[in-house]
Protein chains: 2
Amino acid sequence: MTAKDARISILGLGVLGGSYAQALSAAGYTNLCGIDINEEYVSIALEQGWIQEGSVSAEAVADSELVISCLYPSIFVDWLKTNQDRLTPGSLLTDVTGVKRSVMDEIHTFLRKDVEYIACHPMAGRESKGIHYADAGRFSSANFIIVPTEENTEYAKDTMISLAKDMNFANISFLSPEEHDRMISYLSQLTHVIAVSLMNTNDNTHLVKYTGDSFRDLTRIAKINEEMWPELFLLNRDYLIQDIDSFIVELSRFRDMIASSDVEGMKQKMIQSTERRKLFDVEN
Amino acid sequence: MTAKDARISILGLGVLGGSYAQALSAAGYTNLCGIDINEEYVSIALEQGWIQEGSVSAEAVADSELVISCLYPSIFVDWLKTNQDRLTPGSLLTDVTGVKRSVMDEIHTFLRKDVEYIACHPMAGRESKGIHYADAGRFSSANFIIVPTEENTEYAKDTMISLAKDMNFANISFLSPEEHDRMISYLSQLTHVIAVSLMNTNDNTHLVKYTGDSFRDLTRIAKINEEMWPELFLLNRDYLIQDIDSFIVELSRFRDMIASSDVEGMKQKMIQSTERRKLFDVEN
């Protein structure tokens, strides 16, 4: 496991990178280096005491035992292509990207053999971007998913478990890249596509005063970071399109029940959805 | 306006009828009669002091200045056909049904001319059914919608306003039957169809441990009262099917942007949904 005084570099001090720095410093890590092209973000992290060293330059990554990329997927891959020579032999590299197969496959084609990459996904994103929204407190109700390959060492896996525990994540689990991307397609990406599309179905702004909880709940995530999500959708395109298509089939089935006055059919659908949804209540 | 000692009968002591009795008794109404075929519900309302008189028989409606139906739409219409002779000449009749055009049209074909029906929709439903879930406290964040026709008197409209104020509703507004049903189709019925269909798209119960807020928010209303909603959907079928179809068109458009890697198109959709959704935040 990485010692608490080992040099750890965090690439990108946005909402997640900032939260990582906050969580790790609070957990007693004392040699944290934050790197971001945005000078203001670096200053904020330093002022808050979340990092001991800050830089706008990739050079600062030198001599790190662990590098954590909190960059968007394509920026992460580009950064790595340009800067992998700066990584320490025998060091660990991890990330936070929300899709796994494509990112992992691409990195494995070019990564130095003396650096071990272990993919992770802390499921603690939010709609707002930037270090101003960093909040490590959110980790205590979030899942931390480790997505190892057969090449990953026990040391790397144990280090990720210990890191997630130190950051106070609620649950830590292991998934294969395929399982992870299937899960994220259905639970997260499909829901965002639905919320955005519902909001865009018609000009509904005159209905604001009549809106109740159900519409607000269904569209909360229609406030969405347009810089990040299209990329995530494309990197998981095969599964996501399958899920959208399955959802449209199911929705059309229900539509046809309405059209044909199939009350019994609708009731069965509602009984099934009620039963299933109960399992997802937080208290379970 | 109805005096606070005037006899008011509430038909149906379910979640809404129970809440009405609770709210009106708390507001100082002293001559409330609750009618329900479920003897237990009547007993509970009496024990709670929400009504002064209770009955399982329609006969109890006699001599009321105001009758409030808190029954499901078809039960309300059937009840009225059978029992309208029991209504007091010159009295008012109102309801709480969630769709308006069809119910109002049908009632106007047969209702006695010496009773005035004024349609209302308190937007304070919830997924649970029965008097045990009655909670008038929910009215303070809910909309009360009055849906008058040209035949309705100022007296009837004023009485409904005063009733809604006494029950502490957050907002009181007037809509035509068409405006109401359009609004309810998009904001409420379409959202329920989406939630149920998302929950039924595949067997997702193994994903419970990975579920975050977005999926929970989108499917909360997939726990649904299967006795009531199919009827409401059918009574608003024309608008609801239009809305489902428009939503599928919009969703398919987004799907095709993913399939064709149209990042710029997705961004524009997300910027639009973000802008619109901000208007719906509760603080506005």
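Because the model is predicted, local features are given only at pLDDT of at least 70 and side-chain atom pairs only at pLDDT 80 or more, whereas totals for chains, interfaces and linings use all residues. Residues are numbered from 1 along each chain as its sequence is written, chains are lettered from A in the order in which they are written, and side-chain values use heavy atoms, with hydrogens and water left out.

**View 1. The fold of chain A.** Chain A holds 10 helices and eight strands, where helices (H or I, at least four residues) and strands (E, at least two) are DSSP runs numbered from the N terminus. Along the principal axes, its C-alpha atoms fill a box of roughly 70 × 45 × 35 Å. Of the 284 residues in chain A, 60% are buried, a class defined as under 20% relative accessible area, with exposed meaning over 50% and partly exposed lying in between (1.4 Å probe, protein chains only). Among the contacts in chain A with a separation of 6 or more, 71% join residues 24 or more positions apart, a contact being heavy atoms within 4.5 Å.

**View 2. The interface between chain B and chain A.** Chain B and chain A each bring 81 residues to the contact, and together they bury about 8,200 Å², 69% of it on carbon and sulfur atoms; buried area here is the accessible area (1.4 Å probe) that two parts lose on being put together, summed over both. Across this interface there are 40 residue pairs in polar contact, both residues at pLDDT 80 or more (a pair of N or O atoms within 3.5 Å; within protein, one must be able to donate a hydrogen and the other to accept it, and residues adjacent in sequence count only if both atoms are side-chain atoms). On the side of chain B that touches chain A, the elements giving two or more residues include β7 (143-147), β8 (171-174) and α6 (177-200) of chain B, while α9(B) gives the most, with 16 residues. The residues on that side of chain B divide into 41 nonpolar, 21 polar and 19 charged, with Ala, Val, Leu, Ile, Met, Phe, Trp, Tyr, Cys and Pro counted as nonpolar, Asp, Glu, Lys and Arg as charged, and the others, Gly among them, as polar.

**View 3. A salt bridge across the interface.** The side chains of Asp245(B) and Arg255(A) form a salt bridge, at 2.7 Å from N to O. Eight salt bridges are counted between chain B and chain A, each a side-chain nitrogen of Lys or Arg within 4 Å of a carboxyl oxygen of Asp or Glu.

**View 4. The relation between the two copies.** Chain B is superposed on chain A by a rotation of 180° with 0.0 Å of shift along its axis (RMSD 0.0 Å), and the two copies are thus related as by a two-fold rotation axis.

**View 5. The surroundings of Ser91(A).** Ser91(A) lies in the loop between α3 (73-83) and β5 (92-95) of chain A and is buried, with a relative accessible area of 3%. Its side chain reaches the backbone oxygen of Thr88(A) at 2.7 Å. Apart from neighbours within four places in sequence, Ser91(A) is in contact with Ser64(A), Glu65(A), Asp114(A), Val115(A) and Glu116(A).

Technical notes
Copies are superposed by least squares on the C-alpha atoms of residues with pLDDT of at least 70 in both.
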